[in-house]
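Try each task before reading its solution.

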Amino acid sequence: MANAVEQLQHTHSSLIDAVKAGDWQQVGELDRLCRDQVRQAMEDPQRDDQQVAVVLEDLSETYREVVALCQAVQGKLAEELQGLQKSRQSAKVYQMFS
């Protein structure tokens, strides 16, 4: 197996671990690293196209799951923010009449 593909598989595994841990800063760093390693794997003249395709398919599935998770977290945060804004407005109204 080509070294670039092995590195990409290792980074992919680390990305999954970071997502499970909720370490979004690490996810961002690993995302950038994955992008670089995908480019390297594609540029490798000795690459095994079938292995690269399998790794990219797995990585793509992970990204679909990560995007769905991020959207769910974003929705939850938006709800919390709306709740905070309503609470702030209620507090202002209360202060006006007290």
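**Exercise 1.** In this predicted model, find how many residues apart Arg64 and Glu61 lie, and in which helix.

*Solution.* Start with the location: Arg64 and Glu61 both belong to helix 3, and they sit 3 residues apart, about one turn of the helix. Next, look at the side chains: Arg64 forms a salt bridge with Glu61, with 2.9 Å between the closest N and O atoms.

**Exercise 2.** Decide whether Arg35 and Asp31 are each buried or exposed.

*Solution.* First, note the contact: a salt bridge joins the side chains of Arg35 and Asp31 (3.1 Å, N to O). Both are in helix 2, 4 residues apart, which means about one helical turn separates them. Now apply the cut-offs, where buried means under 20% and exposed over 50%. Arg35 has 56% relative accessibility and is therefore exposed. Asp31 has 15%, so Asp31 counts as buried.

**Exercise 3.** Work out how helix 2 is oriented relative to helix 3.

*Solution.* Take the geometry first: helix 2 (residues 24–43) packs with helix 3 at an angle of about 155°, and their axes are 12 Å apart. Angles over 145 degrees count as roughly antiparallel, so helix 2 is roughly antiparallel to helix 3.

Definitions and conventions
Residues numbered from 1 in each chain as written. Predicted model: local features only at pLDDT ≥ 70, side-chain atom pairs only at ≥ 80, totals over all residues. Heavy atoms only, no water. Axes fitted to C-alpha atoms, helices over the stretch in contact; angles between N-to-C directions. Helix = DSSP H or I, 4+ residues; strand = E, 2+ residues; numbered from the N terminus. Parallel < 35°, antiparallel > 145°, perpendicular 65-115°, else oblique. Salt bridge = Lys/Arg side-chain N within 4 Å of Asp/Glu carboxyl O. Buried < 20%, exposed > 50% of the residue type's maximum accessible area, 1.4 Å probe, protein only.
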